[in-house]
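Subject: Structure handover

Hello,

Please find the structure below, followed by notes on what was found in it.

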Amino acid sequence: MGNWVENEGLSIFVVLVWLGLNVFLFWWYYLAYDIPPKFFYTRVLLGRALALARAPAACLNFNCMLILLPVCRNLLSFLRGSSACCSTRVRRQLDRNLTFHKMVAWMIALHTAIHTIAHLFNVEWSVQARLEEKGTLAAVLSGLGDNPHESYINFYRKTIGNPVGGLYVAFTYLAGLTGVIITLALILIITSSTKTIRRSYFEVFWYTHHLFVIFFIGLVIHGAGRIVRGQTAESLAEHNPEICYKNFTHWGKKGACPIPQFAGNPPMTWKWVVGPMFLYLCERLVRLWRSQQKVVITKVVIHPFKTIEVQMMKKGFKMEVGQYIFVKCPAVSKLEWHPFTLTSAPEEDYFSIHVRIVGDWTEGLFNACGCDKQEFQEAWKLPKIAVDGPFGTASEDVFSYETVMLVGAGIGVTPFASVLKSVWYKYCHDATNLKLKKIYFYWLCRDTHAFEWFADLLQSLEAQMQERNNAEFLSYNIYLTGWDESQATHFVMHHEEEKDVITGLKQKTLYGRPNWENEFKTIAGQHPGSRIGVFLCGPEGLADTLNKQSISNSEADPRGVHFIFNKENF
């Protein structure tokens, strides 16, 4: 658990506080239903299952309050901007919003399972209690409410036994029906959120995730039926259950304990979730407003490796390096929004994204832009685009360090295109105010064609740094991780040439994968006493490797070298 949390960059302190609050709420509400005399008779009917149902219900309220906050992107961007004067540690926690969202989701699933299982026992025992032979305390309690001036404690009022009685509760009572609906919605949301579904069938993930609306509506009204009932305060004043239960056959007679009176617990979930639901509603309204603003596609460039570059303009659009936007193309889908990292620099008069064609939606965008046709596409024929954003990411902090390591894998190089372009513009105009003094750039690609669309930018940077006699500012290493025997022979034959045969750069392409331990040790030796930012946009396996290297190569001495790991997470 610790390694996983560290890999995601989420503070151990934040996680421990969150887990501690879950444990406290579970323990507090378990005792609240397992000890007080108010629920003495309820426990006679239901046993320990009462407390085991109510304790996770409290934790569900708490986590459902949290689940929407990490996906309020505009709120997070505002908080990230307002904390710019604080340490990067604060912003790094905000960058791990989806990690926390997933953790909270799994906690909701856990407490839902406990709550559901406990209530299955509660329903079974409530149904059985209505069929108890007369003369038992359970039978007397279940019969309360059948006569005038009595209030019931057993919510099940029929005399039909199980399993029909249990099904009757599940599909005719408000608590049962909403419980079935929100449980099914939760199962669909979680099962469609797996990495395989998200990557291969994004539309399935997108549509099922919007079942959260049904989930929250069901959650808010779930407790309106008040099936969990306890003895009223007025009744407790004249009827002590710990004494009166012994003489239950004489209740209501002269000189004996009066008949106890009961009332249902008022619904409490809405008090927990109304605030986050309001914030999320505002979030969606802001997104709707922004999506209605006109966006003009100025240029579409077809790059190798099934990649297109879409250049756009939008009035009032302002961005920072490494940020991302959500894009909707109504010609492809009227509902789907997809995230893309901005590859343009803030200094440019347009903003752009690079889209790799890997699924139905991206294929639809490719065709809608006319990229499947041979002839030139007129600008007025290009599809309408809606844009939401931009939103902040870890890459915004690149210029907060003097030394950085940028690691991109495949199309994961896109956020660093924005960074490197911005560096180029800053050097062209005024490099004296630039805090960043050294960039180590690593790009890992499986196929040679993937290098082509990015090589021009690197060539420009290479030439610019040499003109200003600062060639050491940017050290880049491009790794080709997949090649065949014929390619290898060709590379060897041309290895002595001045420029690389693949990229056209002076820095030669390397083959295989980097030895990260050597890379980190070398950089640590060249920058003693520095805080070095490590930025990755790539797969989880590589993230785990880089994070471990960042930890193992950071010194315990606060004055020593420290590698700060950051991962793109959207």
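**Overall picture**

In this predicted model, residues 24 or more positions apart account for 74% of the contacts in the chain with a separation of 6 or more, where contact means heavy atoms within 4.5 Å. The chain has 570 residues, of which 49% count as buried; buried means under 20% relative accessible area, exposed over 50% and partly exposed in between, with a 1.4 Å probe and protein chains only. The secondary structure comes to 22 helices and 14 strands, taken as DSSP runs numbered from the N terminus (helices are H or I with at least four residues, strands E with at least two).

Two notes on conventions. Residues are numbered from 1 along each chain as its sequence is written, and side-chain values use heavy atoms, with hydrogens and water left out. Since the model is predicted, local features need pLDDT of at least 70 and side-chain atom pairs count only at pLDDT 80 or more, while totals for chains, interfaces and linings use all residues.

Trp18 is found in helix 2 (residues 12-34). Its relative accessibility is 5%, so Trp18 counts as buried. Leaving out residues up to four places away in sequence, Trp18 touches Phe62, Asn63, Leu66, Phe100, Met103, Val104 and Met107. Of these, Val104 is 86 residues from Trp18 along the chain, and the two C-alpha atoms are separated by 9.2 Å.

Leu45 sits in helix 3 (residues 40-46). Leu45 also counts as buried, because its relative accessibility is 10%. Neighbours within four places in sequence aside, Leu45 is in contact with Trp125, Ala129, Ala138, Leu141, Ser142, Ile153 and Asn154.

**Helix packing**

Two packed helices are described by the angle between their axes and the distance between the axes. Axes here are lines fitted to C-alpha atoms, for helices over the stretch in contact, and angles run from 0 to 180 degrees between N-to-C directions.

Helix 4 (residues 49-67) and helix 16 (residues 269-291) have axes that come within 8 Å and cross at roughly 10°. Helix 4 and helix 16 are therefore roughly parallel to each other; the classes are roughly parallel under 35 degrees, roughly antiparallel over 145, roughly perpendicular from 65 to 115, and oblique for the rest. On the helix 4 side the contact involves Asn61, Phe62, Cys64 and Met65, which meet Thr269, Trp272, Val273 and Pro276 in helix 16. By type, the residues of this contact divide into 6 nonpolar, 2 polar and no charged (Ala, Val, Leu, Ile, Met, Phe, Trp, Tyr, Cys and Pro count as nonpolar, Asp, Glu, Lys and Arg as charged, and the others, Gly among them, as polar).

Helix 21 (residues 516-526) and helix 22 (residues 540-552) pack at an angle of about 40°, and their axes are 10 Å apart. That angle makes helix 21 oblique to helix 22. Trp516, Glu517 and Phe520 in helix 21 meet Leu542, Thr545, Leu546, Gln549 and Ser550 in helix 22. This contact divides into 4 nonpolar, 3 polar and 1 charged residue.

**Helix 10**

Helix 10 (residues 174-191) has 18 residues and reaches 26 Å from its first C-alpha to its last, close to the 26 Å expected at 1.5 Å a residue; the expected span is 1.5 Å times one less than the number of residues. Its buried residues are Ala175, Gly176, Thr178, Gly179, Ile182, Ala185, Leu186, Ile189 and Ile190. What covers them includes helix 7 (97-130), helix 9 (164-172), helix 12 (202-209) and helix 13 (212-221).

**Backbone details**

Which peptide bonds are cis? One of them runs from Asn162 to Pro163, with omega near 5°, and Pro163 is in the loop between helix 8 (137-143) and helix 9. The bond from Gly389 to Pro390 is also cis, with omega near 10°, and Pro390 lies in strand 8 (residues 386-391).

His149 has a positive phi, near 65°, in a residue other than glycine. His149 is in the loop between helix 8 and helix 9 and is exposed, with a relative accessible area of 79%. Arg226, likewise not glycine, has phi near 50°. Arg226 lies in the loop between helix 13 and strand 1 (229-231) and is partly exposed, at 38% relative accessible area.

Regards
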